[in-house]
Amino acid sequence: MKALGALGWIYLAALFTFVFAPIAASVVFSFNSDRFPTLPLGHFTTDWYARAFSRPEVWEAISNSLIVAGVTSVIATFIGFATAYTDFRYGFRFKQAYLALALLPPTLPLVILGLAMLAWLSQVGLSGTLTGIIIAHVVLATPFAMAICRLRLSQMDPSLESAAWNLGAGPWTAMRYVILPFCAPAIVSALCLTAAVSFDEFVVAWFVSGLNRTVPVLILEILQGNVDPQINAIGTVVFLTSMSLVVAAQFMIFRRRRNG
Amino acid sequence: MAEPLVQFRAVHKAFGTYVAVKSLDLDIHRGEFLALMGPSGCGKTTTLRMLAGLEQPTSGAITIEGKVMNDVPPHHRDTPLVWQSLALFPFLSVVENVEFGLRMRGIGTKERRDRAMLWLDRMQLKGFEHRRIDQLSGGQRQRVALARSLVTEPQMLLLDEPLSALDAHLVIRMQGVLTRLQKELGITFVYVTHSQSEAFAMADRVVIMGHGQIEQIGRPQEIFRGPRSRFVAEFVGRNNILAGQVQAGVMQSPQGSVPVGAPDGPAEIVVAADRVTVSRDRPAGAAIRAAFLSEEFAGTGIICYFETPDGAEWKAQVSESQLSDLQAESGQEFWLSWDPARVHVMG
């Protein structure tokens, strides 16, 4: 690979500044004593964090978000893996259509998906419940899990599974001892990424959450009332949580340990 | 004679409209080293996969020890396969790979570790048991794959072009390892390959397949010196084929008329490259005229390529000193001659 020239470095620095400066600013102002985000900065304080996290609705929203993200990631990863494995293992008619449908949800406009989910979930009486949000988020997150598992399966020597059968493993045993261990990094990665998708998701959650607000929904509600540095404090926590999940997911996908 | 270990009876295998194997009849005996050889798409790998239960015959029957195996799933058979890609499990250590078959048979931790270690020792892999697969060389991986397949002490081992990914010098060494192993264990090896040098070097019997059918079965020498069809003669390589009409012991062919020991009528004769003599002056007996094209250094000598006036390619194997004596230049014409008693008449 060619080394990056000076211009390249400047370009990269500018790009990352452009992307991360607003987030960095939000983090900086979350520790700033001034009421409004202006320069020069006041003095360092954790007061906004203390205030934000003393509000019961913040804790409730965090708890909601964590439950939804946790359950969503498990269900979405399970369905995503099963879908990817079906694609890997079987040839059938309309397979292209099957794949297109399976990967469709993230390409739908979120407002449309949110409205549709709201209409449908209220029909079945799940609107405004955590279960409703979970269902909506599973729909959104599953394609990501599937894409990750599919990538991993595509790196697998197809004889690996047959080799397990050949050595005495039945289909389920081969799944347990060969396919799952091979896909383990992808599965962990899919769990992290789908959790992050759910944890960050605002639009659909806003439509279907009702009184069970998740963190992004709560942030908007506080913001509609007034601009308050508490938002920066909550935002910093949300950002760190999501980033950790995404970084963990990337790490699992790209590390070159024990892969064939 | 004892009952064969494996019998294929009128086995037919089709994938959609594509027929991979046509009415195959084949007996595989206990303790023999059998090579299935043919060009790609000849059905040899499909035959092997049917034996392992990875494909089901469309019709016909495959029996192992007299039991019809058509519907027995792969994991209920004792037919371990050494894969072309080796298919070692990358997430397991060397010893865990070797243990896999024993583990699937529910053998306890201690015993399977002991038995796996025994095989690693036998394959000269002691000290490598905790390595990961990607830390091994090609030859070491090959031996891990062998140990993994043999640890359950099967009566038959299937091998699907296992040496095709190795360097040439390793191939020769592994051929030695395989033949010795097969003799020591006394089990049946069924070896699929497209390489005649591998098949002829190792196998007791060679099955030549073409277009889903068996073209010829025999000992390597029989097939090498006595190909039964043009397909076999061409596939086995370094053979020259002369076709024509025989009348009173003389064959009229597009390359010239030569004496042959064949009855009157149409005939095809095979002249092996190592039985062709190249000379500038016309020798007595069977000889045809051809222009020198090029030479190729092969393992056992030099193969010279010639073209006859009607465009047929002829091969002659010569030694290095013979080649320098000839001082052959491209386009020069020579006489190619042979002893009519040492050619093979096909049919």
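1. Let's start with one residue of chain B. B:Glu32 sits in the loop that runs between β2 (18-28) and β3 (33-37) of chain B. Keep in mind throughout that this is a predicted model.

2. Is B:Glu32 buried or exposed? The relative accessible area of B:Glu32 is 8%, and buried means under 20%, so B:Glu32 counts as buried.

3. What does B:Glu32 do with its side chain in there? The side chain comes to 2.8 Å from the backbone nitrogen of B:His29. Leaving aside residues up to four places away in sequence, B:Glu32 touches B:Asp27, B:Gln182, B:Ile187, B:Thr188, B:Phe189, B:Asp204 and B:Arg205. If you want to find this spot on screen, B:Phe189 and B:Arg205 are among the neighbours to pick out.

4. Now for the place where the two chains meet. How many residues of each chain are in contact with the other? On chain A there are 21, and they are in contact with 22 residues of chain B. Between them, chain A and chain B bury about 2000 Å², and 67% of that area is on carbon and sulfur atoms.

5. Next, the polar side of that interface. Between chain A and chain B, five residue pairs are in polar contact, counting pairs with both residues at pLDDT 80 or more. As for salt bridges across the interface of chain A and chain B, the rule finds zero.

6. Which parts of chain A supply the side that touches chain B? Both α7 (159-166) and α8 (171-200) of chain A give at least two residues each. The largest share belongs to α7(A), with seven residues. Sorted by class, the side of chain A that touches chain B holds eleven nonpolar, eight polar and two charged residues.

7. On to the aromatic rings. Over all chains, the count comes to 18 aromatic pairs by this rule. Take B:Phe89 and B:Phe91: their ring centres are 6.0 Å apart and their planes are at 25°, so this pair is stacked. Planes under 30 degrees apart count as stacked.

8. How exposed are those two rings' residues? B:Phe89 has 0% relative accessibility and counts as buried. B:Phe91 is buried too, with a relative accessible area of 10%.

9. B:Phe89 and B:Phe91 belong to one aromatic cluster together with B:Phe100 and A:Phe182.

Terms used. Residues are numbered from 1 along each chain as its sequence is written. Chains are lettered from A and ligands numbered from 1 in the order in which they are written. This is a predicted model: local features need pLDDT of at least 70, side-chain atom pairs count only at pLDDT 80 or more; totals for chains, interfaces and linings use all residues. Side-chain values use heavy atoms; hydrogens and water are left out. Contact means heavy atoms within 4.5 Å. Buried area is the accessible area (1.4 Å probe) that two parts lose on being put together, summed over both. A salt bridge is a side-chain nitrogen of Lys or Arg within 4 Å of a carboxyl oxygen of Asp or Glu. A polar contact is a pair of N or O atoms within 3.5 Å; within protein, one must be able to donate a hydrogen and the other to accept it, and residues adjacent in sequence count only if both atoms are side-chain atoms. Helices (H or I, at least four residues) and strands (E, at least two) are DSSP runs, numbered from the N terminus. Ala, Val, Leu, Ile, Met, Phe, Trp, Tyr, Cys and Pro count as nonpolar, Asp, Glu, Lys and Arg as charged, and the others, Gly among them, as polar. Rings of Phe, Tyr and Trp (its six-membered ring) pair if their centres lie within 6.5 Å; planes under 30 degrees apart count as stacked, over 60 as edge-to-face and the rest as tilted. Buried means under 20% relative accessible area, exposed over 50%, partly exposed in between (1.4 Å probe, protein chains only).
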